[in-house]
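Dear colleague,

I am handing over the structure below, and I would be glad if you could look at it before reading my notes.

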Amino acid sequence: MSGPGPGPASGSPERGDGLGTYEWLQRGLGLLEGGHAAAAATVLERVAEDEPRSASVLEALARAQFIAGRPGAAVRTFERLAEVAPDSDYARFGYGLSLRRLGRLPQAAEQLALAVAMRPQRAEYVEALSSVRALLRPRPGASGAGEATGEGPDSAAPGLLDVGGTTPDDEGTGTDGDGRG
């Protein structure tokens, strides 16, 4: 399934609760929009089991995991999204921000550079990459230990992974809600 359709996905088993994959996806997205990222992640993990190659499901799950403060899970999901949708600049961006949260700055810079190369007009991407590169530069008099993660991990692109932000493919269709969990 390339994206949710108007009804339940054909061939997706119902789990005895009367809800199909599409309904669970909608429930997860509603929780995410309502600012309940951890609950959304739980629901969306269930959907991803049924639709492991759906870019829209993986993107929603990765965003929920990131917002819920689960950067390790978000890294794995954004990585899967990048495999499923290799042309997705947003997958690379989210992957980079998640790696940054984990303090894996060289890998974060690599993913953010890919996002910038794919969509250079996105100021958020450019700012995130610049921020990570600045953290990688040695500072005069700095010992180097722990310096790389001293800044707020998400200051580079506030809001873009939040529910209130928009993804590059959804420009103008951002959802309401603070989305910060």
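The protein chain has an average pLDDT of 79, and 67% of the residues score at least 70. Over residues 1-15 the pLDDT is below 50, although this stretch has 25 contacts in the model beyond near neighbours in sequence. Residues 163-181 also stay under 50, and for them the model has 41 contacts beyond four places in sequence. Where pLDDT is low, the predicted coordinates should not be read in detail.

The largest nonpolar core has 42 residues, of which Leu44, Phe78 and Phe93 touch the most other members. At least two residues of this core come from each of the helices H1 (21-33), H2 (37-50), H3 (55-67), H4 (71-84), H5 (89-101), H6 (105-118) and H7 (123-136). The largest share, eight residues, is supplied by H3.

Helix H3 is mostly covered, with eleven of its 13 residues buried; among them are Leu58, Leu61 and Phe66, but also Glu59, Arg63 and Gln65. The elements that cover the buried residues of H3 include H1, H2, H4 and H5. The length of H3 can be checked too: at 1.5 Å a residue its 13 residues should span 18 Å, which agrees with the 18 Å between its end C-alpha atoms. Just after H3, Gly69 takes a positive phi of about 80 degrees.

The structure also holds three salt bridges. In one of them Glu45 pairs with Arg70, the closest N and O atoms being 2.7 Å apart, and this pair links distant parts of the chain, since Glu45 is in helix H2 and Arg70 in the loop between H3 and H4, 25 residues apart. Glu45 is partly exposed, with a relative accessible area of 26%, and Arg70, at 31% relative accessibility, also counts as partly exposed.

Another salt bridge joins Asp89 and Arg119, with the closest N and O atoms 3.6 Å apart. Asp89 lies in helix H5 and Arg119 in the loop between H6 and H7, so the pair ties together parts that are 30 residues apart in sequence. Both Asp89 and Arg119 are buried.

In the remaining salt bridge, Glu124 pairs with Arg122, the closest N and O atoms being 3.4 Å apart. Arg122 counts as buried at 6% relative accessibility, whereas Glu124, at 26%, counts as partly exposed.

With best wishes

Technical notes:
Residues numbered from 1 in each chain as written. Predicted model: local features only at pLDDT ≥ 70, side-chain atom pairs only at ≥ 80, totals over all residues. Heavy atoms only, no water. pLDDT = per-residue confidence, 0-100. Contact = heavy atoms within 4.5 Å. Core = buried A, V, L, I, M, F, W, Y, C linked by side-chain atoms within 4.5 Å. Buried < 20%, exposed > 50% of the residue type's maximum accessible area, 1.4 Å probe, protein only. Helix = DSSP H or I, 4+ residues; strand = E, 2+ residues; numbered from the N terminus. Expected span 1.5 Å × (residues − 1). Salt bridge = Lys/Arg side-chain N within 4 Å of Asp/Glu carboxyl O.
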